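Let's take a walk through this fold together, strand by strand and helix by helix. Keep the model open beside you as you read.

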Amino acid sequence: SELKNKLEDLYLSNAYGNIKVCCLADFKASDAIQNPEDKHILNALEKSVDELNKKYGGGFIAAVRPRSYSETQNEFIGKERKRGAIRELIRAIKGNKKGFLSITGDTGNLSQTKYLFALDYDSTPVFDSLRELIAVAEHPMNKPVIKNGKVVSGYGIFSPKTQNSLLSASKTFFSSVMSQDSGVSSYDEHSAERYQTLFGESIFCGKGLINVDAYDELLDKNLPKERILSHDIIEGEFLRTGFIPKAQIIEAFPPTADAYYKRLHRWVRGDWQNSGFIYGKNPLNSVSRFKISDNLRRSITPVVCLAVTIYSAFCQGYAGAVGAVISAFALCSSEIFSGIKSVFYNGSRSVTDLFYSNRIPAGLGCFARAFFRVAYSAREAFTCFDAIMRALWRMYISGDRLLEWTTSASSEQSGEKS
């Protein structure tokens, strides 16, 4: 099966020594706590894990949670979705397995687990990336030091560099333009992350190495229930995230504009549901609060730019034209500067093909993305505005559907509005 092959690939590329591969899964949301097909799905998963354990002499675990009723979703789901799944797995490591319907496979020394490497189904770590993360995590200076409900020095999470896969980036013209750099490039580019460079701590994107003890102490019961959708950044700020560019993860990129903006809609809703951490009473420092507010700023920018552009159409003289140009530049300035930088450092080769392939060169890609950002500015603005309004309505008025989330794979396969 596809899942079995995925688990086997993870094992062969990154598992060695005491490292094990765990399939952490929930059943699909339902109006009932159990469905007739649940048993067949569970049996198929357990069979795949058993076959892999027999083939490799162990190293595979299947952990499946039961559904529980969610008041905000008004249906039965895996409690707190991905955040709840990670929390329950760490509780199981600490000896409390009540949150799982089934934990089978090579679980003999589960209680000795020190780190948890969290991945999504559509993300794949580059060969030996996990070894790089563990090596950094084991350095004495990177050990997390907890004070006043937060990691204040060292790191509780280590985040790898994320790249788009070549296959997904080349799938359509839209993805080839919007996906930026794709594949693994160890020799012709340097990587940096502005927060890590300026403040010594990065942002957690949901894929990375988590210190089990630090997570258990700080995040087991300290976050509000059924309120947090984009849990990654909050977990990263409590545990303090370090960016490790030498370790890389490859993930799929949305092939169409529909899938791309559905994903953006989910992200923006999640960011605004985190807005309470900016002013609320919590142990987060000013840098963490700025990171959260900066996410809100990025989602507001397209809305403001579209409003200014519409207003400019009714202005007389040069004022209207100036307003429209400023709005367009605000939307695509980062792509334009990146393109200019690429041409300055790499010359004409940044806008011409280096190889016989259908990938767009780096410099040309930057300018193409700038054009796409302006061309799709109205759609991006409406997407962000709709997401912001939905998040605020649900947070402060209705209280419904605060955990509404559709995976990238599901949104690409269906036309559902998320």
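This is a predicted model: local features need pLDDT of at least 70, side-chain atom pairs count only at pLDDT 80 or more; totals for chains, interfaces and linings use all residues.

Residues are numbered from 1 along each chain as its sequence is written, and side-chain values use heavy atoms, with hydrogens and water left out. Helices (H or I, at least four residues) and strands (E, at least two) are DSSP runs, numbered from the N terminus.

Asn 164 belongs to S10, residues 157–164, and this strand runs parallel to S12, residues 241–251, with eight bridges between them. Strands count as paired if DSSP finds at least two bridges between them. Further along the pair, Thr 162 sits opposite Ile 249 of S12. On to S11: S10 pairs with this strand in the antiparallel sense, over two bridges, and Phe 158 has Leu 209 of S11 as its bridge partner. S10 is mostly covered, with seven of its eight residues buried (under 20% relative accessible area; exposed is over 50%, partly exposed in between, with a 1.4 Å probe and protein chains only).

Now zoom out to the sheet. Five strands make up an open, mixed sheet, in the order S6-S11-S10-S12-S7. S6 (115–118) and S7 (123–125) are at the edges with a single partner strand each, so one side of each is left without a neighbour in the sheet. On average, neighbouring strands here are turned by 35° against each other, direction ignored. Helix H4 (residues 129–137) lies across S6, S7, S10, S11 and S12, running at about 175° to S12. Angles like this run from 0 to 180 degrees between N-to-C directions, with axes being lines fitted to C-alpha atoms, for helices over the stretch in contact. Contact means heavy atoms within 4.5 Å.

What about the interior? The largest nonpolar core has 46 residues, and Ile 210, Leu 239 and Phe 277 have the most contacts inside it. Such a core is a set of buried Ala, Val, Leu, Ile, Met, Phe, Trp, Tyr and Cys residues joined through side-chain atoms within 4.5 Å. H10 gives the most to this core, with six residues. Leaving aside neighbours within four places in sequence, Ile 210 touches residues including Ile 86, Tyr 115, Ile 157, Phe 204 and Leu 239. A second, separate core has 26 residues, among them Tyr 11, Cys 23, Leu 133 and Tyr 155.

H10 (residues 257–273) has a helical partner too: its axis comes within 8 Å of that of H15 (residues 377–398), and the two cross at roughly 35°. Among the H10 residues making the contact are Tyr 261, Leu 264 and Trp 272, while H15 supplies residues including Thr 383, Ile 388 and Met 395.

S8 (residues 145–147) and S9 (residues 150–153) pair in the antiparallel sense over three bridges, with Val 145 partnered by Ser 153 of S9. Their hairpin has two residues between the strands, and Asn 148 takes a positive phi near 55° there. Finally, look at Asn 295 in helix H12 (residues 286–312). Is Asn 295 buried or exposed? Asn 295 is buried, at a relative accessible area of 11%, and touches Ile 233 and Asp 271, not counting residues up to four places away in sequence.
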